[in-house]
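Thanks, everyone; I would like to walk you through one structure today, beginning with a few aromatic side chains and then moving on to the sheet. Please have a look at the display first.

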Amino acid sequence: MPIALRFSVLTLLGLFGLAGLVQLRLVPPPASRTGNATDRVLADLASQEAQQDGRARASAVLGQFVGGEITRYFWGGFTGYLDVLGLEPPEDMDVRVSEAPDRVQLLLIPRGGELRYVAEVQAEDNVPRGVACTGLGEPGAFVMHRDALHCPPGWTPLALPSRRGNTAR
């Protein structure tokens with residue numbers, strides 16, 4: 001192993017030496033560069049990271065909402081109160097809950113973003129089914145097809161986090 005490491009270091013140093021002889025301009029990593037282009041790239045990366053973080057938090061809340069409402073349905077019906085389910089929505093999102101005897105819906109609207117997150121649980125023939133989706137604007141009607149609840153047209157299903165934990169054996 002030490003021979004392979006030595007060979008790698010010597011090869012790397014040789015490449016740097018060759019770059020110096022040929023006078024190739026070595027560019028520093030993006031985080032250490034300055035200028036408008038770099039600032040824009042870093043701002044875009046920060047925005048993407050914030051969006052991914054918001055999506056993960058919304059997915060977690062929507063997954064708990066769907067699971068909680070399905071369980072709650074078997075114990076007496078849906079609830080329009082998140083605290084009954086033990087849920088706290090993300091602080092940077094506005095929340096709307098709508099409830100009817102046969103369905104309940106949670107809409108999460110991030111402040112300052114266009115993307116929205118929605119989960120709905122419907123009971124048909126005393127069997128509750130739920131789905132979580134992401135999209136733009138107001139969600140339309142959810143569609144029941146082949147014993148599964150599907151997102152409204154134009155909305156994309158969200159992969160909800162698994163409720164099963166990994167246990168070490």
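Let me start with Phe 74, which is exposed, because its relative accessible area of 55% lies over the 50% cut-off. Please keep in mind that what we are looking at is a predicted model.

Phe 74 forms an aromatic pair with Tyr 73, and that pair is edge-to-face, with 5.9 Å from centre to centre and 75 degrees between the planes. The rings of Tyr 73 and Phe 78, in turn, have their centres 5.0 Å apart and their planes at 35 degrees, so this pair is tilted. Buried or exposed, then, what is Tyr 73? Tyr 73 is buried, at a relative accessible area of 17%, and Phe 78 also counts as buried, with a relative accessibility of 9%. The count of aromatic pairs comes to 2, and Tyr 73, Phe 74 and Phe 78 make up one aromatic cluster.

Now to the sheet, which is open and has 5 strands in the order S1-S2-S3-S4-S7, with antiparallel pairing. At its edges stand S1, covering residues 93–100, and S7, covering 156–157, and since each has a single partner strand, one side of each is left without a neighbour in the sheet. The partner of S1 is S2, residues 103–110, to which S1 is joined by 8 bridges in an antiparallel arrangement; among these residues, Arg 96 has Leu 107 in S2 as its bridge partner.

Finally, helix H2, residues 36–74, lies across S1, S2, S3 (115–124) and S4 (127–136), and runs at about 15 degrees to S3.

How values were computed. Residues numbered from 1 in each chain as written. Predicted model: local features only at pLDDT ≥ 70, side-chain atom pairs only at ≥ 80, totals over all residues. Heavy atoms only, no water. Phe/Tyr/Trp six-rings, centres within 6.5 Å; stacked < 30°, edge-to-face > 60°. Buried < 20%, exposed > 50% of the residue type's maximum accessible area, 1.4 Å probe, protein only. Pairing = 2+ DSSP bridges. Helix = DSSP H or I, 4+ residues; strand = E, 2+ residues; numbered from the N terminus. Contact = heavy atoms within 4.5 Å. Axes fitted to C-alpha atoms, helices over the stretch in contact; angles between N-to-C directions.
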